[in-house]
Amino acid sequence: MDTRDTDGEPEQTGFAGAVYGSLLAASVVAGTVVDGTPISVGDLVIVLICTGVVFWLAHVYALVVSSRVQPLTWQRLRAAGRHDWPVAQASFPPAICAAFASALGLSDKAATWVALVVAVASQAAWAVAAAVSVRAPARIVVLSGVVNLALGLVIIALKTLAGSH
C-alpha cells in the first residue's frame, strides 16, 4: 500500500489520525456520564481503549477496501494498520491520566474531567504539531490550535449540559 495521497505528495502520517482519535476520545469521555453520574474509572479506561481500537480497525478496513486499484492482502492491511494506528493511540493518554487520577485518590467525576481535558489538549496539540510539521505560517499554526480547542470546548459544553440534567 502506498502512503501517498491522491496528489502524489507524502501524507503526514499520524497527525490526522491523532487529531481525530483525540476528538473521538473526548466524545467518548463526554458520553460516559449517565444521569449526571460518571461511570467508574476502570470502565472509562476500558471504554476509551476499546472504542479507539474499534475505530482504528474501522479506519484500516475502510482505507484498504476503498482502494480498488490493489487487491486485499495482509501486507496492505498491516501497512494501513500502521498508518492509522494514531487513531487508537489517541485514546491512551486520556485513559492513562484517568487511571492515574483515580490512583491518586480523585473521584470518578474528577478523573473523568482529567481524561476529558487531556483528550482536548491532545487534540489541539496534535493539530498544532501537524501545522508545524508542514511549515505552515504562524497564523495557520495558531488557527489550527484554536479551531481544535474550540471543537473540544464544544464537547466539554455538551458534557456539562448533559451532566446537569
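At what angle do helix α4 and helix α5 pack, and how far apart are their axes? In this predicted model, helix α4 (residues 92–103) and helix α5 (residues 108–133) pack at about 150 degrees, with axes 8 Å apart. Axes here are lines fitted to C-alpha atoms, for helices over the stretch in contact, and the angles run from 0 to 180 degrees between N-to-C directions.

A few ground rules apply throughout. Because the model is predicted, local features need pLDDT of at least 70 and side-chain atom pairs count only at pLDDT 80 or more, while totals for chains, interfaces and linings use all residues. Residues are numbered from 1 along each chain as its sequence is written, and side-chain values use heavy atoms, leaving out hydrogens and water.

As for the overall make-up, the protein chain has six helices and zero strands, so from the N terminus on the elements simply read α-α-α-α-α-α. Helices (H or I, at least four residues) and strands (E, at least two) are DSSP runs, numbered from the N terminus. Of the 165 residues in the protein chain, 36% are buried, where buried means under 20% relative accessible area, exposed over 50%, and partly exposed in between (1.4 Å probe, protein chains only).

Two further helix pairs can be described in the same terms. Helix α1 (residues 15–31) packs on helix α2 (residues 41–65) at about 140 degrees, with the axes 10 Å apart. That makes α1 oblique to α2, and the crossing between α1 and α2 is right-handed. Next along, the axes of α2 and helix α3 (residues 74–89) come within 8 Å and cross at roughly 140 degrees. α2 is thus oblique to α3, and the α2 and α3 crossing is again right-handed.

Gly 36 sits in the loop between α1 and α2 and, at 28% relative accessibility, is partly exposed. Its C-alpha lies 8.9 Å from that of Thr 160, though 124 residues separate Gly 36 and Thr 160 in sequence. Leu 161 belongs to helix α6 and counts as exposed, at 51% relative accessibility.

Inside helix α5, Val 120 is buried, with a relative accessibility of 4%. The C-alpha atoms of Val 120 and Ala 150 are 9.2 Å apart, for 30 residues of chain. Past the end of that helix comes Arg 135, in the loop between α5 and α6. Arg 135 is exposed at 77% relative accessibility, and its phi is near 60 degrees, a positive value in a residue other than glycine.

Finally, the surface carries a nonpolar patch made of Ile 140, Leu 143, Val 147 and Leu 151, with about 310 Å² of accessible area together. Areas come from the Shrake-Rupley method with a 1.4 Å probe, and for residues only the protein chains shown count as cover. Patch members need over 30% relative accessible area and no salt bridge; nonpolar side chains (Val, Leu, Ile, Met, Phe, Trp, Tyr) are joined within 5 Å, and like charges within 9 Å. A salt bridge is a side-chain nitrogen of Lys or Arg within 4 Å of a carboxyl oxygen of Asp or Glu. Ile 140 is placed in helix α6 (residues 138–163) and is partly exposed, with a relative accessible area of 31%.

How values were computed: Parallel < 35°, antiparallel > 145°, perpendicular 65-115°, else oblique. Left-handed = near helix turned anticlockwise from the far one by under 90°.
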